[in-house]
Structure formats: C-alpha cells, structure tokens
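Student: I have a model open and would like to go through it with you. Can we take it piece by piece?

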Amino acid sequence: MKSAYDVIIRPIVTEASTDQMALNKYTFEVSPRANKVEIRNAIEEIFKVHVTKVNTLWRPSKEKRRGMVVGRTTRRKKAIVTLAPGETIDIFEGV
C-alpha cells in the first residue's frame, strides 16, 4: 500500500488552477501509477477534507531544444480534486 505522500507529488499553482479554487477545485501533480481512489484517499488523509470528485489527466510531453540537441520533457499526471461545499485546503489560501 502506498503512502499518501507517495501518491501526491505537489500542488499545481497556476493562473487557471487559482481561478478554479472559486469552484472548490484544486489541482495536484500525482504519481503516474495512482488511480482515482488512491488520490481521493491521499487528499482526505493529508488535508482532512471530504472529496466529492476526482478528475485525472496526462499533461503531454513537450519538445525542448538546447542548441543542436533536441529532447523531450517528461509527461506528467495531474488530478483536479473537487471538495465538498464549505471546505477548503489551507495551503492554497492567500496565493
């Protein structure tokens, strides 16, 4: 069984994710092997909130160039977590 801290890698704080906080949705980068149930349990365990919905998606890799060398960034898995009405995650407040 995975630890909750192995499932959730980091929060994603961008302009778009900050706008979604008004709708009670929070965005996290998660482990590539994590499923929605593991993500839900990890968020509830770490932040002591109730999760109503979890949406996952893969952020595609991008081609990067440094001089003549062409490489690719790694693709990452994101989760958009919707919380129960009236609940918030304090790590995002004031950002």
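Student: Is N24 buried or exposed?

Tutor: N24 is buried, because its relative accessible area is 13% and buried means under 20%, with exposed over 50% and partly exposed in between (1.4 Å probe, protein chains only). This is a predicted model, where local features need pLDDT of at least 70 and side-chain atom pairs count only at pLDDT 80 or more, while totals for chains, interfaces and linings use all residues. Residues are numbered from 1 along each chain as its sequence is written, and side-chain values use heavy atoms, with hydrogens and water left out.

Student: Where does N24 sit?

Tutor: N24 is in the loop between α2 (15-20) and β2. Helices (H or I, at least four residues) and strands (E, at least two) are DSSP runs, numbered from the N terminus.

Student: What is the phi of N24?

Tutor: Near 70°, which is positive, and N24 is not a glycine. Most residues other than glycine have a negative phi.

Student: Which loop holds K48, and what is its phi?

Tutor: K48 lies in the loop between α3 and β3 (51-59). K48 also has a positive phi, about 55°, without being a glycine.

Student: Is K48 buried or exposed?

Tutor: K48 is exposed, since its relative accessible area is 65%.

Student: Changing topic: how many aromatic pairs are there?

Tutor: The count is one aromatic pair, where rings of Phe, Tyr and Trp (its six-membered ring) pair if their centres lie within 6.5 Å; planes under 30 degrees apart count as stacked, over 60 as edge-to-face and the rest as tilted. F28 and F47 form that pair, and it is tilted, at 5.8 Å centre to centre with 35° between the planes.

Student: Where in the chain are F28 and F47?

Tutor: F28 is in strand β2 (residues 25-30) and F47 in helix α3 (residues 36-47), 19 residues apart, so the pair links distant parts of the chain.

Student: Why does F28 count as buried?

Tutor: Because its relative accessibility is 1%. F47 counts as partly exposed, because its value is 25%.

Student: What sits over the ring of W58?

Tutor: The charged end of R75 does, 4.0 Å from the ring centre. A charge sits over a ring if NZ of Lys or CZ of Arg is within 6 Å of the ring centre and within 35 degrees of the ring normal.

Student: Back to helix α3. What does I43 touch?

Tutor: I43 lies in helix α3. Leaving aside neighbours within four places in sequence, I43 is in contact (heavy atoms within 4.5 Å) with I8, F28, K48, V49, V51 and V81. I43 counts as buried, at 0% relative accessibility.

Student: And which residues does E38 contact?

Tutor: With neighbours within four places left out, E38 contacts K2, V7 and R33. E38 is also in helix α3 and counts as partly exposed at 29% relative accessibility. The C-alpha atoms of E38 and V7 are separated by 7.2 Å, and the two residues are 31 apart along the chain.

Student: Where is T82, and what does T82 touch?

Tutor: T82 is in strand β6 (residues 76-83). Not counting residues up to four places away in sequence, T82 touches N24, K25, V51, T52 and K53. T82 counts as buried at 13% relative accessibility. Between the C-alpha atoms of T82 and I43, 39 residues apart along the chain, the separation is 11 Å.

Student: What about P11?

Tutor: P11 is in strand β1 (residues 8-11) and counts as partly exposed at 30% relative accessibility. The C-alpha atoms of P11 and E29 are separated by 6.0 Å, with the residues 18 apart along the chain.

Student: Now the whole chain. How many helices and strands?

Tutor: Three helices and six strands, in the pattern α-β-α-β-α-β-β-β-β along the sequence. The C-alpha atoms fill a box of roughly 50 × 35 × 20 Å along the principal axes.

Student: What share of the residues is buried?

Tutor: Of the 95 residues, 31% count as buried. Among contacts between residues at least 6 apart in sequence, 58% join residues at least 24 apart.
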